[in-house]
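Let's take a guided look at a protein model together. Keep the picture open beside you as you read.

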Amino acid sequence: MRMLKKLMFLAPLLLTATAFGQDEPPAEGSYEAFMASGADAAMFTVNNLWILISAALVFIMHLGFSTVESGLCQKKNTVNILFKNVFIVCIGALGYMAYGFNAMYPGDATAGDWNGFFAMGGPLMNGFADEATRTANTTAEYGNYTVWSDFIFQAMFAATAATIVSGAVAERVKLSTFMIYATLLVTFIYPITGSWEWGVGGWLNTVGGEKFGGEFVDFAGSSLVHAFGGFAALAAVLVLGPRRGKYTSEGTKPILPHSLPLAAIGVFLLFLGWFGFNGGSVLSADPERVSRVFVTTAMAGFGGGLAAIFTSWIVLKKPDLSMGLNGMLAGLVGITAGAGAISPWASVLVGAIAGALVVVSVLFFDKIKVDDPVGAISVHGICGMWGTIAVGIFGQDGLNGGEISLTTQIIGTLSISAFAFVSSFALFFILKMVMGVRVDEQEESEGLDVAEHGSPAYTD
Amino acid sequence: MRMLKKLMFLAPLLLTATAFGQDEPPAEGSYEAFMASGADAAMFTVNNLWILISAALVFIMHLGFSTVESGLCQKKNTVNILFKNVFIVCIGALGYMAYGFNAMYPGDATAGDWNGFFAMGGPLMNGFADEATRTANTTAEYGNYTVWSDFIFQAMFAATAATIVSGAVAERVKLSTFMIYATLLVTFIYPITGSWEWGVGGWLNTVGGEKFGGEFVDFAGSSLVHAFGGFAALAAVLVLGPRRGKYTSEGTKPILPHSLPLAAIGVFLLFLGWFGFNGGSVLSADPERVSRVFVTTAMAGFGGGLAAIFTSWIVLKKPDLSMGLNGMLAGLVGITAGAGAISPWASVLVGAIAGALVVVSVLFFDKIKVDDPVGAISVHGICGMWGTIAVGIFGQDGLNGGEISLTTQIIGTLSISAFAFVSSFALFFILKMVMGVRVDEQEESEGLDVAEHGSPAYTD
Amino acid sequence: MRMLKKLMFLAPLLLTATAFGQDEPPAEGSYEAFMASGADAAMFTVNNLWILISAALVFIMHLGFSTVESGLCQKKNTVNILFKNVFIVCIGALGYMAYGFNAMYPGDATAGDWNGFFAMGGPLMNGFADEATRTANTTAEYGNYTVWSDFIFQAMFAATAATIVSGAVAERVKLSTFMIYATLLVTFIYPITGSWEWGVGGWLNTVGGEKFGGEFVDFAGSSLVHAFGGFAALAAVLVLGPRRGKYTSEGTKPILPHSLPLAAIGVFLLFLGWFGFNGGSVLSADPERVSRVFVTTAMAGFGGGLAAIFTSWIVLKKPDLSMGLNGMLAGLVGITAGAGAISPWASVLVGAIAGALVVVSVLFFDKIKVDDPVGAISVHGICGMWGTIAVGIFGQDGLNGGEISLTTQIIGTLSISAFAFVSSFALFFILKMVMGVRVDEQEESEGLDVAEHGSPAYTD
C-alpha cells in the first residue's frame, strides 16, 4: 500500500480537523464530518464515483467522433479531421472552464439570479474561501456529487456540440475559420440553450409546464446537445456549400468512406460512451433509474441498428454497413431525451423509428444537395428532434404521468434547434465575410492533409 | 447542478410516497423505503453499479470481436465481417429481450417452475403491475442488483456466442443464411444450455453434485459461452467447408491477416471487457471476490500470451504476433470457468496451458483441413473445454474444498459442447438444404465486400 | 439471477461462519463480519471497486501505447512494435507478481523491515494461512482495498515503464535483446526507485521532509513512472544509436508516421486510462479528492494539447497533428506528480508548459541526433521531470501548505531519473557486449516485420 500521507493534499483545510490528533472528531459541518457520517457518506461516494466514471465514458466519445468522422471521409482529409477533433475537445473543455459552466448553470432564476433566457458566465472557481463553502460544494449539500464532478461531466458534454458540426463541414472547411467558429459555438452559444432547460428556472424548464400542459423533458440532451449540434451543422453546411464534384450536372457522385473499420470503431466507442452520457445524466447511481436507463439506451441503439439495416436494404437493395452504423447512433440519439421516461419496449420502437428515419433523412439531404459527408445533420439533428418529440408520444406509460405534453416537447425542440441554426448561420456567415470559410479548389482537390498540415495520414 | 426534478421519471409510482410532501416517509416495503435504509441501500447501489459497468465492459467486447475478426481476415471481406458483428449484437440483445432471458432464467426448477432441461421463454417485462412487484424486482429482494441490470448484463453476454461462430465461418458464408442462423442460435439455443447451469435447478446445477461427487462449476462461462460458441462454430465450419484455395493438392496455402493492428486492438479490447465478463459474474462488488477475480483473470491472460509466444516460437521458429494475441484470449477463456475457484498462481498455469494449447490446436485444425480463419474453434472451443476441466484439477487449493469433482466438470463441458455442436450442425445443415450456406465462387474470389455489400472497406 | 451458490468460492473459509446455518452471525474478526458491518463495509466496497476499475483503465493504456507507437513508426515495423507491447504487458505483470510487488512495497522501513533504499522482493502470496491473515489483507485493516486490488493496480502500472522505452528504441532494436532488457528493467529496477517513495519509509519518502524542507511529492508517478521510463529510454537510445539514414551528411531526414489514425486512437486511449492512473492513485474513491484529480488531470491534458498545437504552429509553420497528440500526453505526464496538490487553473498552466516543452524538446533531441521515433524521451522524460518540479512551484496554493519544497522535488526527480539512466545504460551496454542490441542493416532496411517475424502487418 502506498503511503496514505501522500494523499493528504488538502492538509491546510484538514488542519482544523486533525490538528489535535487523529482521534479528534472532524469539525462540525466540515467535509470530513460529512465523510464520517456512515451510510450517507457511502451513498454520496458511490453516486459521485458514477458521475466521474460517466465523465470518462463521455470523454471516450471524442475518440468515437474522431474515428467515425475520419473513417467516413476520404483518406486525403484524415489528418485534418483528427486535428479538428483534438482541438475541439481541448478548447471546448477549456472554454467551458473559463466561461460556459457558469453561464449554463447560473444559479436559480426563481431566486432572481438570472432571467431564464441568458446569463453571463465566468471562470470555474479555483478553490474555496472557507470550510463552509468547501463543504457546500463537495458534499450532499451540493447534490449527489461534488462541484468538480459536476464540472468535468458537463465539460465533456459541452465539446460534443461542436464536434457534431465538425463532421458535416469536413473535407472543405478552412481550418482557422472552423477553429474560431467551434470555439465561439461551444463556449458562448451552447450554454445559452443549455441554460433554458438545465439551468434552474430556465424558461423551458419553468414556463413550459404552466403554459403548454407539461414540463419540457430532455433527459440527456436529444435537443440540447444533439439537435443543437445537428442544426448548427445544417446552417454551417448551407453557408459552406457542398464538396466540389459531389453534385454535378451528370448527377450526384458518391464519395466513398476511406476506412469502414475506423468508422465501426468510432460507432462502438460512441455507443460505449452513451452509457455514461445517458446513465450519468441520472445524476446519481440510483439503482432503479440507472439500470433502466442502461436498458432503454442500449435497446434503442440496437433497435436503431436493425431498423437502419433493413430500411437501407429495402431502399438501396444492399446490406449497407455505414447505414447500420449510423442507425445505431440514430437510435441512441433518439432515446437520449426519453431514456428515463420511456418503457423498455417503447425504447426499442423509438430507436427503430430513428434508425429508419436516418436512412430516409440521409438520402433526402443528398437529394436536396446539402452535402454532409458523415450524416451528422440526420443522425444528430433530425433524430435529436425525433427523440424529443417521442417523449411526448411514448413517455406516458405511467412513468411521467400527466406531466408530459407533446406540445411542450415540440416547442422545446423547435426553439433549441432554431436558436442553434440561426446563431450558427450568423456566426459562420460573418466568418465567411471576414476571413472565408472554404479552402481553395486546389487544396480541396489535393486534400487538406498535405495542403493544410503538410503531412499525409498514412505512409507506406 | 441540473434540476433534480428532471429525474422524477417514476413520478406516478412515487406518488404514494410523496403525495403528502417531501418530509413524508416513503411507504413501507417500497423501493423508496429500501433506498432510505442507509448502509444496505448504499451496498446495494455499489453492487448494482458494478453489474452495470460490467455490462458496458462486456458490450465493448463486441467491438473487440469485430476488430479481431476483421483484422485477421482478408481485406476484401472486412465490410462483411463488420456488418455481421453489428447485426449480431443488435439481434442478439433484442432476441434475448423478446425470448432468451426468460428461457435462460425460468424460475426455480425445485419449485416446479420448469423441468431443469428446457423452458419456454417470453418477453422481458415492460414495467411493474404494482409497488410490491416493483420492489421485488429492484431491491435486495431480487439480488444484488435490479432486474434491469440483470437483463442488460446477460443480454451483452448472449450475443457473444453467435459472434464466436461469425469469425470461424468468415470469408465464404452467405450473409442472409448466417443472419438467420445467428438469430436462432442466440435466441433459442444458447439459453437452453445456459439454463442447465445458471437457471435455478438446472440439471447440471443440481444433479451433478449428487451423482458425480461435486457440483458443476462454470463461473462465467468457459463452457456455457465459449465452448458453446466454439463447438457451434466447429459444426458450422464442417457443414460449410474451407475457403477455396486454402487446401490444395500442393498443400495448405496460408492466407495472411489483412491488418494486425486491427487484430491487436480487438484483443486488448476483449481483455478489457473480460474484467466485466468475469468480474461482473461475481454478481456483486464484494471486494475480496471481485479483486481475486481481477487477479486470476488478468494473470491467466498474461500467462496465456507468454506461453503462446514461446510455444509458437519453438514450433514455428519465429515470434508470431497473432499467436501471442490468440494466446492472451486463450488464457482468458481458460480461466473463465475457474476465476473464482483457482488460486492466483494456478491461474497463471491454467492460462499458460491454454496459451500453449491454442497454438497446437490451431495447427491441428489446419492439418485436418478444418478452416477457421481466426482460430475461434481453438480459442473458444478447445480452451473453453480446457478451462472447465481445469477447475476439476486446480480448483482444490482450499477454495472450493470437496465440492469440486473432475468427473462433473468433464460431463458438464462435454454435454454443453455436444449440445452446441449437434444443434448448430442440424440448424446449419437444414439452412444449407433450404437456402444454401456459401457464396458462389466468383463472389468468394472477388470478396464479399463488393459482391454482397457493394462497397469496399478501404478507398484511397 | 444466477444462482448465488455458484459464488461460494471461498467455501472452506466460510465454513467457520456458516457451518451452523445462515442465520449464524459471522465469526468475529472475519472478513464476513467486516462485510456485515454496514456503512464501513459499503464505503470499503466502493473504494475497492474504484481501485479495480482504475486497474482496468490503466490496463487499456497498454493498448494506447501499442497503437500510438506503431502509428508513429513506419509500416514495415508495425508487427514488431505490437509484439513487443504484448510481450511487455505479459512479462511485466508476471515479473511483478513473482518479485516486483514485494520489492516495491517491502513493509515499513521505520519498523526495520528494510533499509529505505533497496529491498529483496518475492512472489505474491497465493492465499492466506488463516482467517486473521485473510481479514488483515482483505478489509479496511489493509487499507481502502484488498491486497489483490493493490497488486493488480500496481502491476498494471509496472509494465508502463518498459513500454516507454519500447517506443524510443523502435525500428532498429534486436527483439530478443529488448525482451531480456525489458524483463529485467520492469522486474528488478523499476521497483527500486518505486520503493524510495511509495514504500513506507523509503528514503525520499522520509529523509526529504527533514533534510530539504518538504516531503517529496510524486502523486501518481511523473518521476517514478514517466521520468523513470523516459530516462531509461534516453540511455538505451544512446547505446543503440539512431535509425540508419535518419541523420545523414545532407541533414536530417524526416521519417513519417505510417498511420496517424492509429496514433490518435492511442493518445485518446492513454488519456482515458489516465483517469485511472491518476484517479486511482488517490487510493480511495474519496469524492472530493478523486473529483479534483479528474479535473486537474483532464484540464492539464487539454492545456497541453492546445499549447503544443500553437507552439508547433509557430515553430513549424503548420498545424501539426502529432505534436497536438504528444502535447496532450505531455500535459498528462506533467500533472501526474501534482494532480492532487495543484489547483485546477494552475493545472492548465502546468499542462500548457508541458505541451510547449514537448515541442521544443522533440526538436532539440532531433537536433543533437538522439533518435526517438515516437518522442518518448520528451513526453515522459522531460515532461515527467517538469511535472515533478512543477509541484514545487505551483503546489502551494493552500493545498499542501508548507510541506512542499522545490529543493526536495528537484532532488527527487534527479535521483530517480539518474538511477533509471545509469541502470538502463549499464544493462543495455552489457547486453550490447554479450548479444548485440541492433538488427543488421538489411533487416532494418527490409523492416523488422518480415525480417524478424516473417509476417507483414498489412496485406491487400
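## Chain A as a whole

Of the 460 residues in chain A, 68% are buried. Chain A holds 17 helices and two strands. Its radius of gyration is 23 Å, close to the 23 Å that the globule rule gives for 460 residues, so chain A is as compact as a globular protein of that length.

Taken along the principal axes, the C-alpha atoms of chain A fill a box of roughly 85 × 55 × 45 Å. What share of the contacts in chain A between residues at least 6 apart in sequence join residues at least 24 apart? The share is 78%.

## How confident is the prediction?

The mean pLDDT of chain A is 91, and 92% of its residues reach 70 or more. Residues 1-22 of chain A have a pLDDT below 50, and this stretch has 37 contacts in the model beyond near neighbours in sequence. Where pLDDT is low, the predicted coordinates should not be read in detail. For the complex, the predictor gives an ipTM of 0.95 and a pTM of 0.96.

## Where chain B meets chain A

Now let's turn to the contact between two chains. Here 63 residues of chain B are in contact with 62 residues of chain A. Five helices of chain B each supply at least two residues to the side that touches chain A: α1 (11-18), α3 (39-72), α4 (78-104), α6 (147-168) and α17 (448-453). Which element of chain B gives the most to this side? It is α3(B), with 19 residues.

What kinds of residue make up this side of chain B? They divide into 42 nonpolar, 17 polar and four charged.

## Turning one copy onto another

Two copies of a chain are related by a rotation about an axis and a shift along it. For chain B and chain A, a rotation of 120° with 0.0 Å of shift along its axis superposes chain B on chain A, with an RMSD of 0.0 Å. The two copies are therefore related as by a three-fold rotation axis. Within chain B, the C-alpha nearest the axis belongs to A39(B), at 2.7 Å from it. The copies use different surfaces, and 8% of the contact residues of chain B recur in chain A.

Chain C can likewise be laid on chain B by a turn of 120° and a shift of 0.0 Å along the axis, with an RMSD of 0.0 Å. In chain C, the C-alpha nearest the axis is that of A39(C), 2.7 Å away from it. These copies too use different surfaces: 8% of the contact residues of chain C recur in chain B.

## Where chain C meets chain B

This contact takes 63 residues from chain C and 63 residues from chain B. On the side of chain C that touches chain B, the elements giving two or more residues are α1 (11-18), α3 (39-72), α4 (78-104), α6 (147-168) and α17 (448-453) of chain C. The most come from α3(C), which gives 19 residues. By type, the residues on this side of chain C divide into 42 nonpolar, 17 polar and four charged.

Is Q74(B) buried or exposed? With 22 C-beta neighbours inside 10 Å, Q74(B) counts as buried, because the cut-off for buried is 20 or more. Not counting residues up to four places away in sequence, Q74(B) touches E171(B), I255(B) and H258(B). Its C-alpha is separated by 18 Å from that of V86(B), 12 residues apart along the chain.

Next comes Y190(B), in helix α7 (residues 175-198) of chain B. Y190(B) is buried, with 30 other C-beta atoms within 10 Å. The C-alpha atoms of Y190(B) and V225(B) are separated by 8.1 Å, and these residues are 35 apart along the chain. Finally, look for helix α12 (residues 321-335) of chain C, whose 15 residues reach 22 Å from first C-alpha to last, close to the 21 Å expected at 1.5 Å a residue. In α12(C), 15 of the 15 residues are buried, so this helix is largely enclosed by the rest of the structure.

Technical notes. Residues are numbered from 1 along each chain as its sequence is written. Chains are lettered from A and ligands numbered from 1 in the order in which they are written. This is a predicted model: local features need pLDDT of at least 70, side-chain atom pairs count only at pLDDT 80 or more; totals for chains, interfaces and linings use all residues. Two residues are in contact if their C-beta atoms, placed from the backbone, lie within 7 Å. Helices (H or I, at least four residues) and strands (E, at least two) are DSSP runs, numbered from the N terminus. Ala, Val, Leu, Ile, Met, Phe, Trp, Tyr, Cys and Pro count as nonpolar, Asp, Glu, Lys and Arg as charged, and the others, Gly among them, as polar. Copies are superposed by least squares on the C-alpha atoms of residues with pLDDT of at least 70 in both. A residue is buried if 20 or more other C-beta atoms lie within 10 Å of its own, exposed if 12 or fewer, and partly exposed in between; C-beta atoms are placed from the backbone. The expected span of a helix is 1.5 Å times one less than its number of residues. The radius of gyration is taken over C-alpha atoms; the globule rule is 2.2 Å times the number of residues to the power 0.38. pLDDT is the predictor's confidence in each residue, from 0 to 100.
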